[in-house]
Amino acid sequence: MCSHRDITSVDKSRLQGRKIVTEMETYRIGHEHRIKILVLFGLPLVMTGGILAHEFMHAWLRLQGVSRLNPEIEEGICQVMGYQWLDWFEAVDPEASSSRSEKAQFMRNLKKTFKGEVENMLDGAYGDGFRDAQWAVSRYGLDHVIRHIIRHKTLPRE
């Protein structure tokens, strides 16, 4: 049995004066053998990038044949990827790190807030999972941790 769900998505958008005009399209999503990533429209770039890095890690794990991971392991390593993207984004965006403009300050504050949310999340899978995966990555390196998850479906431990 295949269940389907309709998802309404922004297909195109444009600026018309001070308003953003969007054209919507509805997609039927089923349980075919495809990987789908849906992202909210209108989020700031720094948040969109962090969310996409997290979701791409889920997709990459599936493409490696990894499934049925403990939620703390999977969400933890995906949170680490989103968190690391935030660091990367700041490093490659010269305005974000050096500018005193209001927009740059807003982006720095948003990044700091977003990282703080990840670091202090109370949820077991997302919070504890992140902290455990972050510890493993800082101890063993990202490549080693990911290879270990693929092979053993666990995080490396001492």
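Is R14 buried or partly exposed? I began my notebook here, and I found that R14 counts as partly exposed, at 42% relative accessibility. A reminder to myself before going on: this is a predicted model.

**Entry 1: the partner of R14**
I looked for what R14 pairs with and found E23, in a salt bridge whose closest N and O atoms are 3.4 Å apart. E23 also counts as partly exposed, with a relative accessibility of 36%. I noted the general idea too: side chains of opposite charge can pair when their charged atoms come close.

**Entry 2: other salt bridges**
How many salt bridges does a search of the whole structure find? I got five. I then looked up E74 and R62, which form one with closest N and O atoms 2.7 Å apart. This pair links distant parts of the chain, since E74 sits in helix α2 (residues 71-92) and R62 in helix α1, twelve residues apart. R62, at 37% relative accessibility, counts as partly exposed.

Next I turned to R131 and D128, whose side chains meet in a salt bridge at 3.0 Å, N to O. They lie three residues apart in helix α5 (residues 124-140), so about one helical turn separates them. I read 31% relative accessibility for R131, which counts as partly exposed. D128 counts as partly exposed as well, at 34%. I also wrote down a network: D87, K111 and K115 are joined by salt bridges that share partners.

**Entry 3: α1 against α4**
Which residues of α1 and α4 make the contact? First I looked at the geometry: helix α1 (residues 45-63) and helix α4 (residues 102-120) pack at about 35 degrees, and their axes are 9 Å apart. From α1 I listed V46, M47, G50 and I51, and from α4 M107, L110, K111 and F114. Sorted by class, this contact has six nonpolar residues, one polar and one charged.

**Entry 4: T48 and the annotated stretch**
I picked out T48, which is found in helix α1. Is T48 buried or exposed? T48 is buried, because its relative accessible area of 18% falls under 20%. Leaving aside neighbours within four places in sequence, I found T48 in contact with V39 and L43.

Last, I checked the record: an unreviewed UniProt entry annotates residues 37-61 as "transmembrane region". In the model, I saw that residues 37-61 are 68% helix and 0% strand, and the end C-alpha atoms are 14 Å apart.

Methods
Residues are numbered from 1 along each chain as its sequence is written. This is a predicted model: local features need pLDDT of at least 70, side-chain atom pairs count only at pLDDT 80 or more; totals for chains, interfaces and linings use all residues. Side-chain values use heavy atoms; hydrogens and water are left out. Axes are lines fitted to C-alpha atoms, for helices over the stretch in contact, and angles run from 0 to 180 degrees between N-to-C directions. Helices (H or I, at least four residues) and strands (E, at least two) are DSSP runs, numbered from the N terminus. Contact means heavy atoms within 4.5 Å. Ala, Val, Leu, Ile, Met, Phe, Trp, Tyr, Cys and Pro count as nonpolar, Asp, Glu, Lys and Arg as charged, and the others, Gly among them, as polar. UniProt positions are given in the numbering used here, feature names are shortened, and annotations may be inferred rather than shown by experiment. Buried means under 20% relative accessible area, exposed over 50%, partly exposed in between (1.4 Å probe, protein chains only). A salt bridge is a side-chain nitrogen of Lys or Arg within 4 Å of a carboxyl oxygen of Asp or Glu.
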